[in-house]
Amino acid sequence: MDFSVTPLTPTIGAEIRGLDLRRPLDDNIMAQVRQVWLDHVIVLFSEQDIDDAQQIAFSRGIGTLELINMAALQVPGKPEIYRATNLNEDDTIMVPEHPVMQTNRDNQKWHSDSSFKHVPATASLLHARVVPESDGETEFANMAAAYDALDDATKEQIDDLIVVHNFYWSRRGVDAIAFTEEEKAAIPPVRHPLVRVHPETGRKTIYAGSHAESIEGMPQEDSRALIDRLNEHATQPRFTYRHKWRVGDMILWDNRAALHRGLAFDAAVQKRRLHRTTVAGNRPTL
Ligand SMILES: [Fe+2]
C-alpha cells in the first residue's frame, strides 16, 4: 500500500496519510482508498491544500456528483460545491435570520445527507477552508455497528419495516423559513427500508436520523417511539467519532452507513467555511 491507515476509534473512522489529493490517484490506489472507506465508514485526509476543482476531481473517483439546487448554498458557478458556512461572499458573518444560518442549525440534528430523496446520496466529502477556534466539530455514527449491537428481538421487529423520510418533517421546527407549496412538492416524502442492506459491504444498517418521520403501517405514536429509540441507540458514544476540524482536513463518509451532525459553535462571532461535495446514489433503496 502506498499510504498508511490508522483507525480513529474502535468502531468508526480511519485516517489515511501519505496521499496528496491535489493530484489524480491511479485506479489501483483509488480502489484501495475505497476499501478503507467501506471498512471504516469515514476516512480523514489531513493537510490537503486543495481547491474546488481538485475536490471535485477526487470526489468523482467515488462516483457521480449531486448538484446543489439551492443557490444560496452553492459556490457561485460551481453547483457541485455545497458551502457549509456562516460567511457571506465578502467573508463577513451572516445575520442570524439568514436562511443559511437556519439550515446550519438544522444540520446540528443527526442525519444522513439526502435521505429525503428517492435516490439518496452515497457519500459526502467535506473539506475545511475556515474553521472556528473552538467547538463546531462534526460527529459521525456507524449505523452498521449500531444495527449489529441491537438485540435479536429488535432486529426481527425492524428488519422488514418501511420508513418514510421527509425533509419537511426534520424542518418542522424551523422558525424563520416558510416553505412554499412548490418547494414542498419538489421534495415529497419518500419510502426507504428502515434496515438497509449496504450494496457494497452487504452489512445491515439502520436508516433513520432526523429526516425519518414515520414507519409505514404503524400508529404515529409507536412510529415515533421506535424511530427515537433507534436514533438514540445508534448515536451512543461507542458508535461515534467526533472530529475537531483543522484547515485542510478532508473527510469522506458513507451516507449509507453513517449518520452525522455538525455541533454548534459561536456562529455570531467565529467564522467557518467547509466545502462539501456529494456523491449521488445510483438506485432507489427499495
Ligand atoms: Fe449533512
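Modeller: Let us begin with a term: rings of Phe, Tyr and Trp (its six-membered ring) pair if their centres lie within 6.5 Å, and planes under 30 degrees apart count as stacked, over 60 as edge-to-face and the rest as tilted. Phe-116, Phe-167 and Tyr-168 form one aromatic cluster. Please note that this is a predicted model, in which local features need pLDDT of at least 70 and side-chain atom pairs count only at pLDDT 80 or more, while totals for chains, interfaces and linings use all residues. Residues are numbered from 1 along each chain as its sequence is written, and side-chain values use heavy atoms, with hydrogens and water left out.

Colleague: How many aromatic pairs does this rule give?

Modeller: The count comes to four aromatic pairs. In the pair of Phe-45 and Phe-58, the ring centres are 5.5 Å apart and the planes stand at 80°, so this pair is edge-to-face. Phe-45 belongs to strand E3 and Phe-58 to helix H2, so the pair ties together parts that are 13 residues apart in sequence. Helices (H or I, at least four residues) and strands (E, at least two) are DSSP runs, numbered from the N terminus.

Colleague: What does Phe-58 touch, then?

Modeller: Leaving aside neighbours within four places in sequence, Phe-58 is in contact with Leu-21, Leu-25, Met-30, Val-33, Phe-45, Leu-125 and Met-250. Contact means heavy atoms within 4.5 Å.

Colleague: Which residues touch the most other members of the largest nonpolar core?

Modeller: They are Ile-16, Leu-19, Val-33, Phe-45 and Phe-58, in a core of 25 residues. Such a core is a set of buried Ala, Val, Leu, Ile, Met, Phe, Trp, Tyr and Cys residues joined through side-chain atoms within 4.5 Å. At least two residues each come from strand E2 (14-17), helix H1 (27-40), strand E3 (42-45), H2, strand E6 (123-130) and strand E14 (250-254). H1 gives the largest share, six residues. There is also a second, separate core of 22 residues, which includes Val-195, Ala-208, Leu-226 and Leu-230.

Colleague: Back to H2. Which of its residues are buried?

Modeller: In helix H2 (residues 52-60), the buried ones are Asp-52, Gln-55, Ile-56, Phe-58 and Ser-59. Seen down the axis of H2, they fall within an arc of 165°, so they line one face of the helix. The arc is that of the directions from the helix axis to the C-beta atoms. An α-helix has 3.6 residues a turn, so residues three or four places apart point the same way.

Colleague: What sits on the face turned away from the buried side?

Modeller: That face of H2 carries the exposed residues Ala-53 and Arg-60. At the start of H2, a side-chain oxygen of Asp-51 comes within 3.2 Å of the backbone nitrogen of Ala-53.

Colleague: New topic. Which residues coordinate the iron ion?

Modeller: The iron ion is coordinated by His-111 (NE2), Asp-113 (OD) and His-260 (NE2), at 2.2 Å. Along the chain, the donors follow the spacing H-x1-D-x146-H. Donors are N, O and S atoms within 2.8 Å of the metal (3.2 Å for Na, K and Ca); water is not among the atoms, so sites may look incomplete. His-111 is buried, with a relative accessible area of 5%, and Asp-113 is buried at 4%.

Colleague: Where is Glu-66 placed, and which side chain does a polar contact join to it?

Modeller: Glu-66 lies in the loop between H2 and strand E4 (74-75). At 8% relative accessibility, Glu-66 counts as buried. A polar contact of 3.1 Å joins its side chain to that of Ser-114. A polar contact is a pair of N or O atoms within 3.5 Å; within protein, one must be able to donate a hydrogen and the other to accept it, and residues adjacent in sequence count only if both atoms are side-chain atoms.

Colleague: What about Thr-285, buried or exposed?

Modeller: Thr-285 counts as buried, at 18% relative accessibility. Its place is in the segment after strand E16 (273-279). A polar contact of 2.7 Å joins the side chains of Thr-285 and His-192.

Technical notes: Buried means under 20% relative accessible area, exposed over 50%, partly exposed in between (1.4 Å probe, protein chains only).
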